[in-house]
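Q: I have a structure to read and would like to learn how its features are described. Please take them one at a time.

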Amino acid sequence: MSSSAPARESPRPAPPLDAARLRADFPILSRPVHGRPLVYLDNAATTQKPRAVIDAVSSYYEELNANVHRGVHLLSERATRAYDDARATVARFIGAADPREVIFVRGTTEAVNLVAQTFGRRSVGAGDEVLVTGLEHHSNIVPWQMLCEEKGAALKAVPIDDAGDLDLDAFDALLGPRTRLLAVTQISNALGTVTPLAELVRRAKARGVPVLVDGAQGLPHLGVDVAALGADFYAFSGHKVYGPTGIGVLWGRRELLERMPPWQGGGDMILSVSFEKTVYNELPHKFEAGTPNIAGALGLAAALDYLTRAGPEAVAAHEQALLAYALDALSSVPDLRIVGAPRRRAGVVSFLLGDVHPHDVGTVLDRHGIAVRAGHHCAQPLMRRLGVAATARASFGLYNVREDVDALVRGLHAVREVFA
Amino acid sequence: MTASSELSDLYQEVVLDHGKRPRNFGPLEGATHHAEGLNPLCGDHFTVHARLDGDRLAEVRFEGSGCAISKASASVMTGVVKGKSAAEVEALFERFHRLVTEGPVAASEDLGKLAVFGGVHDYPTRVKCASLAWHALRQALHGGAGAVSTE
């Protein structure tokens, strides 16, 4: 796996991924839609779940269900251990030195909001700046905008070029003495641009600027080694990495997390409470008020185990090969324009088909059993920069095969027929 | 049923024609009412202009961009509401809305040109597209200028 984020070392070259065989692990892929085989190409929105994840969630409820960190009874003890193990699994997968640096949250959005409302509120003041990029998803823009509004700070954005790559000269110029944080994505959900993350982190850290990485798209395709990357926060969602919805992770550097105030108050996040004073619990519990999403955490751990068994390097190589095949196949469709041409692209292709609106493209493809996303991809500033209101987007996962791309191409010919 | 025959219920010839060559498209001189219609999910964005003569719609035109369904619906709407009062537009919209959400039912008979949207009900995600211009027109008539969003 070649990655701008340092990849974990692989002892030997990964064997190629047998995607056709892995498909059998995903029950939904054998269900028809509109009476046709499902061709699922909306993985950047959410991924399908392997049987192992579904089983982890249901067996928790069937065999283990109890509240964690509370009961003296057997089930609670076992649920607590399983929940703690899930945290350790996440820590191993992302290369975190300490499982206490892994905070379970609802997803990337909640992780970013948590950092904005705690770390951000402490470190950003009037006249300061928060730096994002023109590639960001709304979830890595709006929480910072809200913070800046509250504090009288300014939100700055690193511009992109026509290809969909970040302008690194502009980035250097924007990293100023008032920059209090850089919030940047690992992969653009709309264009598939892989940002030069290691370089961005290096330059920001050289100026003493803390960095938050939105890994929602990055983790499933590139993985991450947070220790090697050198960023301060890394956020991702379970459901985009073959895990359940409603669970995600904020990884943070321990010394920062310890200095940050809690976000939500409640049970689990306290050591002692009196009406005069509350003593907050230690990491990670300080940031996990209330009964957590235990089933979700177990499901996420099962998903990461699944990905580990499949081999992240093999998955990345498979997706890159499929992307190359798709870019070539799509270029054979008349009037099709691929939006963006980044130097490095993950398995995401945004496109326009003549003057057919992406929504109409999506509807016609859907009737052929092909699921793609049509719209602005929660990245309106990026769409505006590229001068398009919306695009259609195909995004790949580990179970996609060339036949899926062939079906997409056939579907696009059908779109052209309808709107001929 | 093949995908293409299913799709022809939604994308009827008349719909495709209005989507490609929208009628009453452009600004309106002497307009008395305007409103924007915005679907933030897909970026469809129309402005509807209306000129009232007494309590009757003398002319309705629209501008903007959107998908085939939203554009065709706006185009057909500008034709069928001509000469109608705000109350009549409201009654017509209610029947149109039933058509695109529930499909052709007794109440939607004799909807005239609007009947071409009878296939929309089978595509729940496209109901907002078909309704967008109508919401904007109603906003223009009731709330004066302003923007209306499908969300």
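A: Begin with how helices are placed against each other: axes are lines fitted to C-alpha atoms, for helices over the stretch in contact, and angles run from 0 to 180 degrees between N-to-C directions. Helices (H or I, at least four residues) and strands (E, at least two) are DSSP runs, numbered from the N terminus. This is a predicted model, in which local features need pLDDT of at least 70, side-chain atom pairs count only at pLDDT 80 or more, and totals for chains, interfaces and linings use all residues. Residues are numbered from 1 along each chain as its sequence is written, and chains are lettered from A and ligands numbered from 1 in the order in which they are written.

Q: At roughly what angle do the axes of helix α4 and helix α5 of chain B cross?

A: The axes of α4 (residues 86–102) and α5 (residues 127–143) of chain B cross at roughly 165° and come within 11 Å. Angles under 35 degrees count as roughly parallel, over 145 as roughly antiparallel, 65 to 115 as roughly perpendicular and the rest as oblique. α4(B) and α5(B) are therefore roughly antiparallel.

Q: Is the crossing of α4(B) and α5(B) left-handed or right-handed?

A: A crossing is left-handed if the near helix is turned anticlockwise from the far one by less than a right angle, and right-handed if clockwise. α4(B) crosses α5(B) in the left-handed way. Two residues are in contact if their C-beta atoms, placed from the backbone, lie within 7 Å. Among the residues that meet here are B:F93 and B:H97 of α4(B), and B:W134 and B:L137 of α5(B).

Q: How are α2 and α11 of chain A placed?

A: The axes of α2(A) and α11(A) come within 8 Å and cross at roughly 150°. They are therefore roughly antiparallel, and the crossing is right-handed. The contact includes A:Y60 and A:Y61 of α2(A) and A:Y306 of α11(A).

Q: Are α12(A) and α15(A) roughly parallel or roughly antiparallel?

A: The axes of α12 (residues 312–330) and α15 (residues 402–418) of chain A come within 10 Å and cross at roughly 20°. These two helices are therefore roughly parallel, with a right-handed crossing. One of the contact residues in α12(A) is A:Y325, and α15(A) gives A:R402, A:V405 and A:V409.

Q: Which residues of α3(A) are buried?

A: A residue is buried if 20 or more other C-beta atoms lie within 10 Å of its own, exposed if 12 or fewer, and partly exposed in between; C-beta atoms are placed from the backbone. In α3(A), the buried residues are A:A79, A:A82, A:Y83, A:A86, A:R87, A:T89, A:V90, A:F93 and A:I94. They cover an arc of only 155° around the axis, which puts them on the same side of α3(A). The arc is that of the directions from the helix axis to the C-beta atoms. A:L74 and A:R81, on the other side of α3(A), are exposed. The elements that the buried residues pack against include α2 (51–64) and α11 (294–310) of chain A.

Q: Where is A:V401 found?

A: A:V401 sits in the loop between β17 (391–395) and α15 of chain A. Because A:V401 has 17 C-beta neighbours inside 10 Å, this residue counts as partly exposed. A:V401 and A:A20 are 381 residues apart along the chain, yet their C-alpha atoms are separated by 6.9 Å.
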